[in-house]
Amino acid sequence: MSITFTIDSPQSKRFALDYWFRSKGIKKKDFAKKMNVSTQRFSQILNGDYVSGAVFDQLQEIEIDGHRIPRDLIPVPSSPKKLGRKIKES
């Protein structure tokens, strides 16, 4: 059985990615372990929270049980979010 998703937002991409993991019977913690990151950091990566080009490349290369994450479901590289207070200009 094949299911098609329309990926038109970060939320739909994440939903499709979660479905992909479940349908393949792959645990996210196994991917996190192969990447040498915590499960919390892996979740942040899947949410698109600062994904560097190196992480993007690594996600494309990891294979578990003969499966790789489909390229269109991998979060694209992004810039780090600025932390801290915003300075109000007067």
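How many aromatic pairs does the structure hold? That was my opening question for today, and the count came to 5 aromatic pairs.

Entry 1: I began with Trp 20 and Phe 31, which form an edge-to-face pair, 6.5 Å centre to centre with 75 degrees between the planes. Next I looked up where the two partners sit. Trp 20 belongs to helix H1 (residues 10-24) and Phe 31 to helix H2 (residues 28-35), so this pair ties together parts that are 11 residues apart in sequence. I also checked how covered they are. Trp 20 is buried, with a relative accessible area of 9%, and Phe 31 is buried too, at 0% relative accessibility.

**Entry 2: on to Phe 42.** Phe 31 has another partner for me to note: with Phe 42 it forms a stacked pair, 6.2 Å centre to centre and 20 degrees between the planes. Phe 42 lies in helix H3 (residues 39-46) while Phe 31 lies in H2, so here again the pair ties together parts that are 11 residues apart in sequence. Phe 42 counts as buried, at 1% relative accessibility. Stepping back, I see that ring pairs link Trp 20, Phe 21, Phe 31 and Phe 42 into a cluster.

**Entry 3: a reminder about confidence.** I am reading a predicted model, so I looked up the scores as well. The average pLDDT of the chain is 81, and 74% of the residues score at least 70. Among the elements, H2 has the highest mean pLDDT (92) and H4 the lowest (85).

**Entry 4: the core.** Which residues have the most contacts inside the largest nonpolar core? This core has 20 residues, and my list reads Trp 20, Phe 21, Phe 31, Met 35, Phe 42, Leu 59 and Ile 69. I then asked where the core residues come from.

**Entry 5: around Trp 20.** I went back to Trp 20 for its contacts, leaving out residues up to four places away in sequence. Trp 20 touches Ile 26 and Phe 31, and also His 67, Arg 68, Ile 69, Pro 70 and Leu 73.

**Entry 6: a look down H3.** Which residues of H3 are buried? I found Phe 42, Ile 45 and Leu 46. Viewed down the axis of H3, these buried residues fall within an arc of 95 degrees, so they line one face of the helix. After H3 comes Gly 48, and I noted its positive phi, near 85 degrees.

**Entry 7: the whole chain.** The chain has 4 helices and 0 strands, running α-α-α-α from the N terminus on. Of its 90 residues, 30% count as buried. For contacts between residues at least 6 apart in sequence, I noted that 53% join residues at least 24 apart. The accessible surface comes to about 6,800 Å², and 50% of it belongs to carbon and sulfur atoms.

How values were computed
Residues numbered from 1 in each chain as written. Predicted model: local features only at pLDDT ≥ 70, side-chain atom pairs only at ≥ 80, totals over all residues. Heavy atoms only, no water. Phe/Tyr/Trp six-rings, centres within 6.5 Å; stacked < 30°, edge-to-face > 60°. Helix = DSSP H or I, 4+ residues; strand = E, 2+ residues; numbered from the N terminus. Buried < 20%, exposed > 50% of the residue type's maximum accessible area, 1.4 Å probe, protein only. Core = buried A, V, L, I, M, F, W, Y, C linked by side-chain atoms within 4.5 Å. Contact = heavy atoms within 4.5 Å. pLDDT = per-residue confidence, 0-100. Areas by Shrake-Rupley, 256 points an atom, 1.4 Å probe, with all protein chains shown as cover. Arc of directions from axis to C-beta.
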